[in-house]
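Here is a short briefing for a first look at a structure. Keep the sequence and the 3D view side by side as you read.

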Amino acid sequence: MRRNKNYEEYCSVLNTDTFDKRRFKEIFEMSQGLQKLSDKAVLPTFEPLLCDIWASMYKMKPAIIAKDVDSILSLNKLLIEVIVADENFASYRNFTRLNDLASAISAMKYGEKTNQWFAQQLEKDEELKEQSRKIQLILRQTQKQKQQLQEADRKIHENTMIELNGKLQQMIQSNSESFLQAMNQARQESMQVRDGLKSLLGGISAGNAEAELKKVPLRDKILLAEKIATSKKMKEIAEWAGRFKKIARKKQKSKQSQSVRRNGVTNGNAIEKLLPVEFIFYTHPLTKIDFLRRFSESQTMQFEQKRSEVLKKGPIVICLDQSDSMSSLDTQSKGFTLALMSIAKKQRRDLCLVLFSSHTQVFRYVKGKIGATEMVRLSRTFLGGGTNYALALDEAVHVINESRFKQADIIFVTDGENQVTDSFLEAFNKNKREKAFNVLSLVIGCNRNTVEQFTDKVIEVIDFDDEGTFTAFEV
């Protein structure tokens, strides 16, 4: 037994090296989730176990040490053996190997399920539960005071831990099936968190989620992963964002293709623009040589295509109703907003979000970029209260008066009804003419009469998942 080891050190039952331990320590310090797990751990050797779980996912070739494992870590060794022996583990490592983020998420979810499983088992055995609690208190107190236990006391406590480990190992062996079920659930939840993270951080370009993830600092990715893992609301926002981004991608692609129109016939050698008759010339033996000559000289007939004038791609101002009645649509609205941000980010357009009810709160995102902390803040924000159109529109005009938003258009979203004065309408519409901005309004199940008075185009929808809402993605 290695008597000189402190329990708090990252003692390992795997072939971890100095780099592995240092890297895990860095990730542990980035992750509030891992730290909280360690603080409420049921097992005395939980933190070294977390390191080994992470290493088993991350290392290229993890291997369990066959000999010379500290007796205090015998339980950790058994747990790692059970985890890596699972029939799905090898294929799952294709997802986590040499991937800091995936390994960190996995360590968090596997650690969480391990903690929960042992807590449930110990509830059935009060004596074992109390013994585990006492050892935890001793270790934490020693760590807090940064003092070494006296050698005689160390032997007593180590022997107690070894005895506890033996009983816990018996517990695992007697309930291995339920423990494996817990680990399978951890694996599935890790994948869900990863998918949610891609939905939040990925753009609207097809297949760019991985590339976008690589641009985000690991600390921010871990923060968002933990929020998705622990917050039902954040998870739902991620799901809606992913759905809406796919739709936005199709809308933007459709808009681009529709912006090109045929405008007569010209000469050239662009295959995709050739007239159908030229393909007939190419396939006929008598005209093929002449076709090839004309094609090489750019003299074949092709459609002349000109781009239709597209709407200006200036900044976007979103006025989003957050009165009490919008609470049931909050996660949808946040996913919808994140999809619009992805469009703005791809097209390098500034975006301003004006949340309104009986008061307002304004968020500005330069070129559509939103950081992890801002995303968490946005997900947690809901104003509540009544509905005040004039307040929201005044704020939007104030934003448009700023130099970087001077060419902005407004997307106005509401599910409530509110009256505005004639004097307000006159002033607002005058601003609209002078600043040359447009207003697109999405009216969710309410009267459109007031909105029509300040809007260029009104679309009535049932909720954010209504087909009409997707018109906003053509901005």
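This is a predicted model: local features need pLDDT of at least 70, side-chain atom pairs count only at pLDDT 80 or more; totals for chains, interfaces and linings use all residues.

The protein has 19 helices and eight strands. Of its 475 residues, 50% are buried.

**Overall make-up**

- Take the contacts between residues at least 6 apart in sequence: 77% of them join residues at least 24 apart.

**Nonpolar cores**

- The largest nonpolar core holds 103 residues.
- Inside this core, F118, L200 and F473 have the most contacts.
- Helix α6, residues 100–122, gives the most to this core, with ten residues.
- F118 touches V42, L43, L75, L79, L168, M171 and I172, leaving aside its neighbours within four places in sequence.
- A second, separate core has 28 residues, and among them are L393, I410, F428 and V451.

**Helix α1**

- Helix α1 covers residues 18–30, which makes 13 residues.
- At 1.5 Å a residue, α1 should span 18 Å, and its end C-alpha atoms are 19 Å apart, which agrees.
- Which residues of α1 are buried? They are D20, R23, F24, I27, F28 and M30.
- Seen down the axis of α1, the buried residues fall within an arc of 155°, so they line one face of the helix.
- T18 and E29 are exposed on the other side of α1.
- The cover over the buried residues of α1 includes α2 (32–39), α3 (46–58), α6 and α11 (218–230).

- In α2, the buried residues are G33, L34, L37 and S38.
- The face of α2 turned away from its buried side carries K36 and D39, both exposed.
- α3 is mostly covered, with 13 of its 13 residues buried.
- From its first C-alpha to its last, α3 reaches 18 Å, close to the 18 Å expected at 1.5 Å a residue.

**Packing of α15 and α16**

- Two packed helices are described by the angle between their axes and the distance between the axes.
- At what angle do α15 and α16 pack? Helix α15 (residues 330–346) and helix α16 (residues 372–380) pack at about 145°, and their axes are 10 Å apart.
- α15 brings D330, K334, L338 and M341 to the contact.
- α16 brings M375, L378 and S379.
- By class, the contact has four nonpolar, one polar and two charged residues.

**Two loop residues with positive phi**

- L98 is not a glycine, yet its phi is positive, at about 60°.
- Where does L98 sit? L98 is in the loop between α5 (89–96) and α6.
- K367 is not a glycine either, and its phi is also positive, at about 55°.
- The place of K367 is the loop between β5 (360–365) and α16.
- Is K367 exposed, partly exposed or buried? Its relative accessibility is 29%, so K367 counts as partly exposed. Buried would need a value under 20%, and exposed a value over 50%.

Key
Residues are numbered from 1 along each chain as its sequence is written. Side-chain values use heavy atoms; hydrogens and water are left out. Axes are lines fitted to C-alpha atoms, for helices over the stretch in contact, and angles run from 0 to 180 degrees between N-to-C directions. Helices (H or I, at least four residues) and strands (E, at least two) are DSSP runs, numbered from the N terminus. Contact means heavy atoms within 4.5 Å. Ala, Val, Leu, Ile, Met, Phe, Trp, Tyr, Cys and Pro count as nonpolar, Asp, Glu, Lys and Arg as charged, and the others, Gly among them, as polar. A nonpolar core is a set of buried Ala, Val, Leu, Ile, Met, Phe, Trp, Tyr and Cys residues joined through side-chain atoms within 4.5 Å. Buried means under 20% relative accessible area, exposed over 50%, partly exposed in between (1.4 Å probe, protein chains only). The expected span of a helix is 1.5 Å times one less than its number of residues. The arc is that of the directions from the helix axis to the C-beta atoms.
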